[in-house]
Each structure stands twice: as C-alpha cells, then as structure tokens.
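Thanks for coming, everyone. Let me put the structure up and walk you through a few of its features.

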Amino acid sequence: MNLLSIENVAKGFADRMLFTGLNLGLQSGEKVALVGANGAGKSTLMKVLMREILPDDGRVASRKGIRIEYLRQHPSWAAALTVRGVMLDVDHPAVHIHREYHEAVAENKVDRMAELGDQMEKEGGWMLEERMQELLNRFELDGVIHRKWTELSGGQQRRLGLARMLFAQPDVMLLDEPTNHLDLDMVEWLEKYLQDPNISLIMVTHDRYFLDAVADTIWELDRQQIFRHEGNYASYLENKVLRDEIEQSTRAKNVNLYRRELEWMRRQPKARTTKSRARQDSFGELEDKVKQRNDDRILQLRTEKIREGGKIIELVNVSVDRGGKRLLSNLDYVFKKGDRIGLVGKNGRGKTSFLEVLTGALEPATGKVIHGLNTKIAYFRQDDNVLNPNLRVIDQVKEIAEYVTLADGSEMPVRAFLEEFLFDYAKQHDYVEKLSGGEKKRLQLLLVLMQHPNFLILDEPTNDLDRDTLLVMEDYLMRFQGSMILVSHDRFFLDQLVDQLWVLEGGGKLSVFNGNYTEYRRHQQEIQREATTIKPTAPKEKPKTTSGLTYGERLEYDKLTTDIDSQEAKVGELAQAVEAASDDFERLQPLLNELNQAQQSLDEMMERWMALEEKKQD
C-alpha cells in the first residue's frame with residue numbers, strides 16, 4: 001500500500017537547482033534511507049514531503065487520513081510548552097480523547113466522562129502516561145518533564161523530539177539525523193525499535209551501522225536526480241560502484257564521439273542541409289553530456305606535519321566535577337604518541353567535561369593537566385558556535401591564515417584549500433549562516449586542520465557529514481601520526497579509528513578496554529551471558545523466616561490470600577447468575593455445574609490456607 005509519493009517534483013533556490021523530475025513512492029512498512037552529498041537537498045526534500053515548503057514543480061500526494069511526523073535537526077514548538085506539553089502536543093486519537101477526558105473531569109461532566117472513558121479503553125488512552133514516562137526515561141528526560149522545553153540543552157531538545165515522534169506513533173516517520181545527541185546504548189535501542197515491520201519511515205543519517213541495520217531501500221540524491229536502490233546500505237554501495245563504472249564508460253565513449261563530431265562540425269560549410277542540421281542538434285545534446293560537471297571530486301586533506309616532544313599530555317590525579325557532581329575521580333595517565341582512544345559512556349557521564357579539562361577550558365576539581373612543550377591541540381566541537389554566521393566562508397577561514405602549509409612544505413592559498421574541501425567559488429562567498437549542517441561541519445574540520453595539530457580532540461565529529469566526507473576524514477585520521485581522543489556515537493567510526501576505549505561508568509569511575517567498540521560490546525555480552533547462565537552450586541540454605549513457614553510456603557500463603565479473594569468474587573457472580581436463570585432450565589443447569597466447581601475450588605483453597613495459617617502460628 002502506497003502511503004506517500006512525489007510526482008515530477010522539482011525544487012531550487014535563486015542560485016541553483018537542487019533536484020528536478022523526482023518520482024518516488026513510500027510503501028507501508030518500507031524503511032527508506034535518503035543519502036547524498038552535503039548540500040544536495042536532503043533536508044529540503046524532507047520539508048517538501050511535509051509540505052512545509054512548496055516544490056517549484058510537481059506534487060506530493062499522501063494516502064487519505066495518514067499521520068506524518070517530522071523529526072527536525074532543530075526542533076521548534078510553542079515556547080510556552082513544558083516537556084510534558086510537547087509530548088502531548090501530537091496528532092494521535094488516544095491523545096485527543098485523553099485531552100477531552102481530562103477537560104470533562106475538570107468540568108465535572110459525568111456523562112461525558114463515562115462516554116470518553118469507553119473510548120479511552122478502546123484507543124489505549126489509559127496507558128498514555130505510562131508510555132510517555134517510559135520514553136522520557138529511555139532518553140534521559142524523566143527529570144525535566146515539568147520544565148519548559150526552551151530551557152533544555154540542544155541535545156536534550158533533540159532527544160525530546162525523538163521521544164515525541166515515537167510517542168505519536170505516526171503512519172510515516174521522517175527522521176533527519178535521528179542518532180545525533182544519543183549515547184551508544186540509545187542508538188542500539190532505537191535501531192531495534194525501528195526494525196519493527198509495521199513502521200514506515202524515511203530517514204537521513206550518517207550512521208552507517210544504523211543505516212545498514214534499519215533501511216531496506218536507499219534513495220540517493222545525486223546531480224539533481226534521485227536513484228532508488230532496493231536493499232540495505234551494503235547492497236547500495238555495491239550497486240553504486242557498478243553504476244559509476246557504467247557512467248564512466250559511457251562518458252568515455254561520449255568524449256570520443258564528441259571529438260569526432262567536433263572535427264566534422266569544423267569541416268562543414270556554412271550552408272546547412274536538413275540532414276546536417278539534425279546532426280548539429282545531436283552534437284549540441286552530446287556536448288551537454290560531455291560537459292556535465294562531475295561533482296564527485298575527491299576531498300584531499302593535506303596539512304603540515306608537526307613534531308611531537310617527549311611529553312604530550314600528562315594527567316596527574318585528575319578529577320572532574322560539574323554542577324556539584326563528581327564525574328571522574330583521580331585519573332593518572334601519560335598520553336603516548338599514536339594513542340587512539342575512544343571515550344564512551346551514557347549522556348551526562350562527563351565526556352565533554354573531560355575534553356574541556358584536557359584543553360584547559362575547564363579546571364580539574366583535583367590534580368593537574370600538564371601539556372608538553374610542542375603539544376598543539378585542535379578541538380573539534382559538537383556545536384558550530386566556533387563559526388561566525390555573519391562572515392562569508394572565505395573570510396571565516398582567512399581569520400586563521402591566508403595560506404595553508406602542506407606536508408611537503410609548500411603553501412596553498414586558502415581559496416584553493418577551500419576548493420579541496422568542496423567549497424567552490426560561489427560557495428566560498430556565501431555567508432556561513434546559509435550553509436547546510438554538513439557543510440558547516442566540513443568548514444569546522446578545515447579550520448581544525450589548518451591549526452596543524454599533533455593532538456586531536458574530536459567531539460562527535462561525524463554529525464551531519466555526508467558519506468564521501470566521512471570516508472576521506474576516516475582516511476586522514478587513520479594516517480594521522482599524532483595522538484587522538486574521540487567521542488562518537490558512530491560505531492563504525494569508532495571501530496575504524498580507535499584501539500582503546502575509556503568507558504565512563506558513572507560515580508567517577510573510568511574503566512579501560514583494549515580494543516574497538518564492537519569488540520567491547522562482544523566482551524560485555526559475554527559477561528552478561530556468563531552472569532545469566534545457571535551453574536550447578538551447592539544447595540543454598542533456605543531463608544529463615546520469623547514464622548513456622550518455609551520460604552516456598554510463605555510464597556504459597558501470599559498467593560492463596562489473593563486467589564481466594566478472586567475466587568470468592570467469582571462464586572458470588574455465579575450465584576447471582578443462577579438466581580437470575582431460575583426459570584430457564586436450559587441456562588440453569590450449566591450455571592449450577594459451574595457454580596459447584598467454583599465452590600469446590602474455593603473450599604480446597606480455604607482448607608490449604610487454614611493449614612498454612614496454623615503452621616504460621618507455630
């Protein structure tokens with residue numbers, strides 16, 4: 001069943017066209033990943049699907065009555081709403097009835113309460129509060145339920161948007177970077193949740209493990225067109241390689257044909273026959289194909305190599321506090337050349353605070369951080385507050401330097417360096433505020449590398465980056481010869497780049513695991529399996545009780561107390577039914593049989609309960 005479709009959709013802005021002639025549909029239960037380079041128009045297409053912006057051409061159609069919810073990168077709700085208010089501000093039948101019911105209670109409309117109570121039962125309205133609390137707990141928002149959402153941090157707002165989306169249970173979910181600001185446990189839980197076959201979604205995400213596990217269809221935005229790939233992310237990559245090879249082969253043939261046609265065109269006299277004009281028109285079409293710009297340029301990251309001294313960074317009895325809470329206690333460590341450390345832990349455990357201590361932005365609660373003489377730290381932050389939205393891209397870069405020194409000692413103008421980061425001339429003169437989220441991240445990366453660091457601190461560097469930039473960034477970091485500490489919820493990124501994990505466990509504890517994230521998870525799962533495996537042990541002494549009952553008899557006594565109440569109620573109901581059917585023999589006989597059986601069961605329960613009661617008194 002088709003839920004949502006786009007028909008011949010086109011959209012562009014004053015300076016360029018994003019996409020044109022798009023035709024696709026979302027089927028019930030289908031899970032689509034929308035991929036493409038930064039700036040290709042992924043977020044714009046999501047807004048077109050939500051009808052928040054109108055296409056320049058074509059139409060968006062949806063099945064009548066379906067509910068669509070959109071998880072934005074930057075949530076926006078009524079400013080006066082609390083967290084609870086945001087959760088309840090959704091289009092869901094049970095929520096509407098829930099709201100009406102509580103209004104009826106406030107106005108003491110008894111008849112309306114009874115009517116709505118039946119509807120609440122039918123739509124699951126009585127479970128709403130429980131479901132809401134469960135989701136807020138899952139995303140670590142249970143302590144802020146009565147606060148205004150505007151008072152939350154950016155990460156909390158994103159998690160609130162995701163909790164609200166799941167609470168709304170829409171027919172179609174549109175998810176823009178759903179894993180941003182989630183810790184690894186949350187990402188793994190969400191991954192399993194979205195695999196439900198009844199969920200239909202379109203998502204934009206850079207998280208390749210997540211994408212591969214959830215998506216069964218890929219929509220690729222590329223050169224203003226959209227390509228549909230059946231299967232998960234791994235099969236999409238195989239298909240893309242094949243498609244690129246075919247395109248390269250076709251383009252090579254077109255180039256050769258173009259050369260021959262160009263030679264023919266030059267030899268032709270000025271007067272044209274009808275036949276030669278047709279060939280001239282074909283030549284024009286061929287010229288357009290040959291001159292098509294290839295945007296799949298390779299991003300090259302080359303910067304000057306900086307020598308490291310004997311000491312890089314030393315931590316001496318370092319403790320980290322935030323808001324009166326001890327996040328890390330008494331850490332001693334000397335960073336070595338080539339250290340590749342992944343810092344992981346639940347949200348609020350102190351990952352970002354620890355990074356700030358390393359850079360000197362935050363004073364340690366105890367101990368000291370000693371930087372080596374030649375240590376040069378570059379800090380890639382989660383947010384883009386380091387960028388000035390009122391500057392043009394090229395002016396933002398020139399604030400650091402006019403030229404970039406490369407590994408071979410040569411210098412490159414920043415204009416050319418920006419070209420290598422896929423910022424063409426027009427984009428270099430755009431204001432920073434006009435850049436997409438991924439383009440801002442790419443600009444931050446450029447600014448970091450221009451500092452020629454030998455100690456990299458990376459706090460969620462993969463958020464909003466496209467696949468090609470991610471691959472090149474990984475390649476650069478794998479060749480990086482300095483020291484590195486990385487915070488990321490991207491499991492693939494961690495697996496590729498780190499060989500040691502520091503796990504913040506809460507209460508100031510930090511444990512060290514030698515290996516990458518997947519190896520760490522396997523180790524944790526093995527520990528859990530061993531803990532739950534029942535091993536033969538010597539018989540345990542039965543717990544002593546203050547009464548004469550054994551532990552098992554105590555449990556039986558408690559259960560009988562409850563069961564007898566239920567059985568007495570059943571006997572009473574059957575007795576009333578027998579009395580009501582006294583004039584109807586056909587109905588009466590079966591009811592009498594059932595009443596006798598129920599009474600017999602009640603007598604047996606009472607006899608056993610009395611025996612246990614006597615023993616209890618001994």
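Predicted model: local features only at pLDDT ≥ 70, side-chain atom pairs only at ≥ 80, totals over all residues.

**Salt bridges, helices and cores**

Residues are numbered from 1 along each chain as its sequence is written, and side-chain values use heavy atoms, with hydrogens and water left out.

What does Arg72 pair with? Its side chain meets Glu52 in a salt bridge, 1.8 Å from N to O. A salt bridge here is a side-chain nitrogen of Lys or Arg within 4 Å of a carboxyl oxygen of Asp or Glu. This pair links distant parts of the chain, 20 residues apart. Glu52 sits in the loop between α1 (42–49) and β4. Arg72 sits in the loop between β5 (68–71) and α2 (83–88). These helices (H or I, at least four residues) and strands (E, at least two) are DSSP runs, numbered from the N terminus. Glu52 counts as partly exposed too, at 37% relative accessibility.

How many salt bridges does the structure hold? There are 23. Take Glu7 and Arg59: their closest N and O atoms are 2.9 Å apart. That pair also links distant parts of the chain, with Glu7 in strand β1 (residues 2–12) and Arg59 in strand β4 (residues 57–62), 52 residues apart. Glu7 is partly exposed at 31%, and Arg59 is partly exposed at 45%.

Next, Lys398 and Glu402. They form a salt bridge with closest N and O atoms 3.9 Å apart. Lys398 is partly exposed at 32%; Glu402 is partly exposed at 45%. Elsewhere, Lys427, Asp430, Lys434 and Glu439 are linked in a network of salt bridges.

Is Glu220 buried or exposed? Buried, with a relative accessible area of 3%. Glu220 is found in strand β8 (residues 217–222). Its side chain joins that of Tyr236 in a polar contact of 3.3 Å. A polar contact is a pair of N or O atoms within 3.5 Å; within protein, one must be able to donate a hydrogen and the other to accept it, and residues adjacent in sequence count only if both atoms are side-chain atoms.

Now helix α6, residues 154–168. At 1.5 Å a residue, its 15 residues should span 21 Å, and its end C-alpha atoms are 21 Å apart, which agrees. The expected span is 1.5 Å times one less than the number of residues. In α6, 14 of the 15 residues are buried. Just after α6, Gln169 takes a positive phi of about 50°.

On to the cores. The largest nonpolar core has 45 residues, and Phe139, Leu160, Phe167 and Leu194 have the most contacts inside it. Its largest share, seven residues, comes from α6. Such a core is a set of buried Ala, Val, Leu, Ile, Met, Phe, Trp, Tyr and Cys residues joined through side-chain atoms within 4.5 Å. Apart from that core lies another, of 43 residues, among them Leu458, Phe493, Leu501 and Phe513.

Last, helix α18, residues 517–532. Its 16 residues should span 22 Å at 1.5 Å a residue; the end C-alpha atoms are 23 Å apart, which agrees. At the start of α18, a side-chain oxygen of Asn516 reaches to within 3.3 Å of the backbone nitrogen of Thr518.

Conventions:
Buried < 20%, exposed > 50% of the residue type's maximum accessible area, 1.4 Å probe, protein only.
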